[in-house]
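Subject: Structure handover: salt bridges

Hello,

Here is the structure you will be taking over. Please look through it first, then read my notes below.

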Amino acid sequence: KNSVKAMEKELATCSLHGREKTFLKRSQIFQISGGEDLETKVIVVLGKAGMGKSILLQKICQDWSNGEFSQFEFVFWFDCKQFRLPEKRYSLKDLLLVFFVKPQEGNNEIFEYILQNPAKVLLVFDGLEGLHDHESFPRSLPSQPEKDLCSVKELLSGLIQKKLLNGCTLLLTARSKDKVYQQVPKVDKTIEIVGFSPQQRELYISKYFEGSPYHDNALKLIKEHEYLFSHCYSPVMCRFVCSLCETLLEKGDKSLPSTLTTVILKFVQQKIMSMETDSTALRNQESLAALAQIAWCLGEKHQNAMKNDLLPSKEVKEFALKYGFFVPFAFLRPSDSGEEEFGSAFSDFVIQNFLGALHLLLAEENKSKNLTKYLSFPSKRKKPRNWLDLVPRLLAGLLFFQDDPYFCSFSSKDAKQSSKKQKALMEYIRRLQINELSPESLLELLHCVYETQSDYLLQHVALQLQPDLSFLDVVLRPPDVHVLHFILKRSGEDFSLDLRNSSIDMQGLRDLVGLRNVTSFRASLSDTIQLWKSLEQTENYQLLRASAEKLVLDPFKAKTMKDISDLSDLVEMQKVVTNCVQGASGCSNYEIPAIKNLRKLDFALGPVLGLQGFLKLVDILAAFPSLQHLDLDALSENGIGDEGAKSLSEVFPTLTSLEILNLSQNKITDVGAEKLAAALPSLTSLKTLSLYNNSICDFGAENLAKVLPDMASLRVLDIQYNKITGVGAQQLTDSLRKCPHIENLVMWNPTIPYGVLEHLQQLDSRISL
């Protein structure tokens, strides 16, 4: 089992901003580009409960003790839930050298050295949620925070604001980025742990059962239960499922439950029933109900630990420790003695969530109508709770498993009352306006309904789903993908999915795209290309063609160099897909519809990478035969300049469908205008050309004036806010007389006298001021 814990540390998969998956070595965590070397650096590690944040920090501390991270001479690690006592106040010296390490001698010298060498100090605060008792960090600090007594939040605020120990490194962990960003004004690096890949899940399970007679059966059994296997992306859940599987196999049971609710129900039942007798059954039932109430009350306060003297009885404490629901936990006594006071903490978040849901079900005050408020799905703007985030789905599951023998061993609830609560839930979901839910809330609903395994509710939700389902910028974890796939499959309707920036894994993308009633999808191009390469390698040409037919690209907006690289890779992939499709079906001249049908392309890389990215884009523009709208007018300006204009003009003859070309705010001068003008007549479909806010003077205007009569399709030319004078304006006006097809010439320039413009407009009403 120890080797299993080591795997949790080694296999953390990290994601920057939850958008692009990448493997990050621990040695790279403290690498920060830019910034002042002498300033405090703030690094935040995000991840849902059970993803291994604490284990990662413990491994960093262990690595440091073994000689790694030599840039730090001091590492201080704090579990934030140890500071649940708000009345306790510390000086920075006390926090570091009394609360943490307690050196036998030399306190003053050590502290002075720390103050003089902050860059050599790493401060780790694990679980910012543990400081939830105050709404926000205080902005004002005592006059001498190094010496004065402060709350932990005041000290942490001083560190973040660089008023304390400026130059140190802060490593913080949290479940939700929203809470962190409210409290921390500037974060230098954000890392999100997103869990195990399917291959890593298999490796974890293999390591867990290494040397066990059940090794082969366990891996096969868990993989066969796809929903449970999807939950194994979380290290804690993976261990949880393995533990249950091990217990069942030892008893000769070769079946696993089908939902998360029944898995936890069976896990808890196995813990209790294995040691229970008839004489202890009722007492255990009462203790479990008391423990469930504690789980809920602590969870509402964003806590999972409490002092032992607050427990309702000695029996409840012994029950919780005996069956592994609690583990001992040390607080610091809020007195000058500094002695530790022991309390208890829930062994993991899964147990606390399950017991919280059980409390809501068992509590007498929760009548049928009251119960649904805990399942109320937030509006479009709100996000679901992130502390007891499993409670709604476990509550829904428990409501539909009250006749289950495992559940009956926990509760003596009236069956009639239980049936009422179940009907109240069904009625609540039946009346829900599903099309008004945010993507996050919709996913929560799908999970709740899945846990019920009610055919009626599953079918009802499947039929209520909108045909266009967008999960843009919403992280789709493996269990989310599973329930979405399960419910979409039950519907007879056709769906279009937007999966961009969802961090969906390749298996999940493959499953969703493979559904017959998913007729189109948008996804990260790099993920799509990876999927296609995998399908090519496995010779699954049927799904390769189907997914190529379903991919939607239009409109495409390039905001990073990666977007350009991905688009270029997609064009390259056209040859591979064409060969596979032609070889499998005999179809000749096959083209990927997404490439063939791209009509609008927005380019917005900004001034730093604008030219570099645009030159790469120009190389592939000819691959899009239906391109009608090319927009280079970014709010931050792209700055492609004359070099970009020249490169673009060279591919004009291939852009036969282009109708709108927006080159506004790109620092184009007369040189670029001349190159553009020479090639513009080859754009035989061009209707609108915008050169707004560039640096074009009279020479450029003269060149444009010469070719206007040859641009028979052109209807609108916008050349305002350049450096054209009355001379250039007159040349454009003279040319306009030969262009009856042009409907509007927008020509206001600060360098053209207003009287001249007014006179020219009187000569031709198509000129706009």
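The notes below cover salt bridges.

This is a predicted model, where local features need pLDDT of at least 70, side-chain atom pairs count only at pLDDT 80 or more, and totals for chains, interfaces and linings use all residues. Residues are numbered from 1 along each chain as its sequence is written, and side-chain values use heavy atoms, with hydrogens and water left out.

The whole structure holds 26 salt bridges (a side-chain nitrogen of Lys or Arg within 4 Å of a carboxyl oxygen of Asp or Glu). Helices (H or I, at least four residues) and strands (E, at least two) are DSSP runs, numbered from the N terminus.

Glu-427 and Arg-431 pair at 2.7 Å, N to O. Both lie in helix H18 (residues 415-431), four residues apart, about one turn of the helix. Glu-427 is partly exposed, because its relative accessibility is 27%. Arg-431 is at 60%, so it counts as exposed.

Lys-646 bridges to Glu-650, the closest N and O atoms being 2.9 Å apart. They are four residues apart in helix H28 (residues 641-650), so about one helical turn separates them.

Finally, a network of salt bridges links Arg-26, Lys-59 and Asp-63.

Best wishes

Notes
Buried means under 20% relative accessible area, exposed over 50%, partly exposed in between (1.4 Å probe, protein chains only).
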